Number of protein chains: 2
Amino acid sequence: MSENNHIIIIGCGAGGATAAQFARKTDRKAKITIYEKGPYPEYSKCGLPYAISGDVPSLQDLIEFSEDWFKKAKISLHLNTTVTKINSEKQEITVEDKTGSISTASYTSLIIATGANPAIPPIQNLTSNNKLVSGVFTLRTIDDAENIRKKVVENKKATVIGAGLIGLEMADCLHRKNMDVTVVEALPQILPNTLDADMAKIITEQLLKKITLYTNHFATKIETTNDAISEVIIQDRKTKETKHLKTDLLIIATGTEPEVKLADQAGCEFGITKGIKVDETAKTSQKHIYAVGDCTEYIDYITEKPLLIGLGSIAVRQGIAAGTNAAGKTYQLPKGALLTCTSDFFDMEIAAVGPSSHFLKDIPTLSGKYQGSSLPDYFPGGKPITVKTTIQANTGVIVAAQAVGENAAQRINTFAAAMLGNLNVTTFRTLETAYAPPIAPTLDVVTLAADIAMMKYQRKQK
Amino acid sequence: MSENNHIIIIGCGAGGATAAQFARKTDRKAKITIYEKGPYPEYSKCGLPYAISGDVPSLQDLIEFSEDWFKKAKISLHLNTTVTKINSEKQEITVEDKTGSISTASYTSLIIATGANPAIPPIQNLTSNNKLVSGVFTLRTIDDAENIRKKVVENKKATVIGAGLIGLEMADCLHRKNMDVTVVEALPQILPNTLDADMAKIITEQLLKKITLYTNHFATKIETTNDAISEVIIQDRKTKETKHLKTDLLIIATGTEPEVKLADQAGCEFGITKGIKVDETAKTSQKHIYAVGDCTEYIDYITEKPLLIGLGSIAVRQGIAAGTNAAGKTYQLPKGALLTCTSDFFDMEIAAVGPSSHFLKDIPTLSGKYQGSSLPDYFPGGKPITVKTTIQANTGVIVAAQAVGENAAQRINTFAAAMLGNLNVTTFRTLETAYAPPIAPTLDVVTLAADIAMMKYQRKQK
């Protein structure tokens, strides 16, 4: 049977490559083909800032699944090859290779992993002949990173539009390359999709020691000199005042838009986010068609509202689900995305799980926050760690947690596991965390934050 | 009402002091008294090895709740004062102070936190006039640590009996003080109560680069020269062969026995472990009497079998429960102890939650183990981390996890939260862990270990 299976995957990013890997793991005999329009096999997009900073020595190092790996796995990988059409009735796709030669291929299962494109804000003069002006970049591909790297020059001025995770990762990277960095964010706080304002403030204080930040500002226009950017003009959203920032390098990091042309044509259903709707098995509304990664819409585990998948970690998990299911076994994801995420910039680790307060507006919640140390007070070398957890006001169920400081990511994983088990704060606060003087205090800040949320919860029950 | 409350606590260790603290937090007006037979207010027993090694500069640093702290909290602390009798009918105790003066005090609630005494194995010549021979030590008090510290001399020979957590912490500490260290363990593996044999092996390999280890050996006799230890004689349990180990300093780290004389007299019920039986609120069988810490018996969260509390982290949580409940509010611990624990020796962090395989003999289980890196392969600086998780063979529910390597403790906390939520491996393997190249890989070793357990589980279901 399985020899007649043909699993076709469009796009060799994290989601697509993982789908291929798990399809192969699940079915050793199935025919598996990937079409990738770009010139590289799967590489870590999240690693790009670190290849620019030099933490990762070479951009080529970011390639996680090499062409050789695909060969060994007997997965047919076609680079520089574009899928131009999906005929979902005939279960057939049309393909155009680098030479312009066109062919068709039939699938038993199709996995769409077309990713996303950088969202380009409406900034005057940003493009010339439909291309970004010299010195202006988005960061999505190895080629983007290569081009940015050439423009990184000590003591020159860099501006980053957007203070999300990627914006701040780039800001930190350019700062560490001794550029003079300014970040511009339209909202009143940095990391608006990731952290609550009070938690973001901890990072802001650190960041202001090293770079310039304008929140509540957006870029309206750029000026060029000799066809290259020389200035970006930003405007205060309240006062309407404008500022001219001398800029040699401009990074646009204002999010992405799902790439869904093919899925649209295939008749896949879309959600209000414009992403391809998928279920717990990564299936779309169309028979035999799965979709994974940044082109998809899933729901939030807590709010059950639709959201775009913008995290490599979720793309990989959807890839596992799509690959396994397409190859005939069952792999079911949780009913929604926890959105566990982390990053590290300006010498601080941050992490979060669950929606930030902005996305919890419709749910009555209570929060507990605790600022402590990673070690018992008497043990030298303890580092600050702040944890905040948010619970449903009426049930006490944990709906979110955020951390800034030592081992923020691993501490947030503990909350993620609690949320997957729908734990109540009354239970979670009693969690026995691992204790030893050189490693962690008897009561870790994760349960101390929960204690504070719990006190508010108890007061409310009265 | 609360002004007539008198909460009396016997013993100012981690459990007793925490009980006092939470009684005060819960009831600002209650009268709270602690009697401690030793000369120090609460200090970290777990910190003692690190004060010997010098990681913690001074033994005095280990004091976490100072006399001044108790004064400010309006908790009456009596040091060098022994409770000689509990009259549970009259709700009264008898107390003898340093001068021999005897008095009585009435309680509304009594919290017994009498701790444990080192278990002394039957080794010939170990004592003289009921005291340990010069050069032979247990490690339980600041005075023990002080005395050991005086005997730590570079290039001299130290022997540690018992390869549990404290034994290995001391072995590491003495090795770092440039002593020539030998560890003797009666069982076939190190850390027999904490790790499965395969996980313990990872540490053993590391440890053998630095010290000498005899497993399956026990000490039978010591020889003295000028009234001080000069040699310890050990015997192979199988071959019966004996070895003479030159020894200048001998540490006995073969566990503890609960100190329960007073509780016995008060009529508290005991379990088969000889510890005082307590429930989820830290209550004993006797009205108005709680017990916390190393003197108590609780049940294992997974096996529901009785066990002695030998962890400071649990003592503290029982202290929270006893203090809060004694002062009139409700604090309920989980139905059993997860036994989350960690330590760090020979440059490796270890951690565990749930029973090790030895204690799971009666439950059919399956395990998954994964050895990975703390970072994505392409990111420099990744450190090895091995995680093993064990599940119930028939239900898939996670019953234990162990880790050796980078951030073992925080990774084990994630399993602890999963176990508190009774998560099945089918759910846990889908956990979204926090991912960023400088912090963790897309799929953390915690879920990769779960995947392997899951595969075995699926195979069994067929």
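In what order do the 3 strands of the open sheet with antiparallel pairing in chain B follow one another? In this predicted model, the order is β4-β5-β6. The edge positions are taken by β4 (82-87) and β6 (102-106) of chain B, each of which pairs on one side only. From one strand to the next, the twist averages 25°. Strand β5 (residues 92-96) of chain B runs antiparallel to β6(B), and 5 bridges join the two. Within this pairing, B:T94 lies opposite B:T104 of β6(B).

A further open sheet of chain B is built from 5 strands with parallel pairing, in the order β11-β18-β12-β13-β14. Here β11 (136-138) and β14 (212-214) of chain B are the edge strands; each has a single partner strand, so one side of each remains without a neighbour in the sheet. Neighbouring strands are turned against each other by 20° on average, direction ignored. Between strand β12 (residues 157-161) and strand β13 (residues 180-184) of chain B, which run parallel, there are 5 bridges. In general, the strands of a sheet pair through backbone hydrogen bonds, in either a parallel or an antiparallel manner.

Chain A as a whole contains 11 helices and 28 strands. Its radius of gyration is 23 Å, close to the 23 Å given by the globule rule for 462 residues, so chain A is as compact as a globular protein of that length. The C-alpha trace of chain A spans about 65 × 60 × 40 Å along its principal axes.

The domain assignment divides chain A into domain 1 (2-116 + 257-326), domain 2 (120-254) and domain 3 (341-461). The centres of domain 1 and domain 3 of chain A, taken over C-alpha atoms, are separated by 35 Å. The contact between these two domains involves 5 residues of domain 1 and 8 residues of domain 3. On the domain 1 side of this contact, the residues comprise 3 nonpolar, 1 polar and 1 charged.

The arrangement of the two chains was examined next. Chain A is superposed on chain B by a rotation of 180° with 0.0 Å of shift along its axis, at an RMSD of 0.0 Å. This is the relation of a two-fold axis. Both copies use the same surface, as 100% of the contact residues of chain A recur in chain B. Of the residues of chain A, A:T414 comes closest to the rotation axis, with its C-alpha at 2.0 Å.

The contact between the chains draws 57 residues from chain A and 57 residues from chain B. On the chain A side, the elements that give two or more residues are α8 (312-326), β24 (341-345), β25 (348-353) and α9 (408-420). The greatest contribution comes from α9(A), with 10 residues. By class, the residues on the side of chain A that touches chain B divide into 33 nonpolar, 16 polar and 8 charged.

Key
Residues numbered from 1 in each chain as written. Chains lettered and ligands numbered in written order. Predicted model: local features only at pLDDT ≥ 70, side-chain atom pairs only at ≥ 80, totals over all residues. Contact = placed C-beta atoms within 7 Å. Helix = DSSP H or I, 4+ residues; strand = E, 2+ residues; numbered from the N terminus. Nonpolar A, V, L, I, M, F, W, Y, C, P; charged D, E, K, R; others polar. Least-squares fit on C-alpha atoms with pLDDT ≥ 70 in both. Domains from an automatic or database assignment. Pairing = 2+ DSSP bridges. Axes fitted to C-alpha atoms, helices over the stretch in contact; angles between N-to-C directions. Rg over C-alpha atoms; globule rule 2.2 N^0.38 Å.
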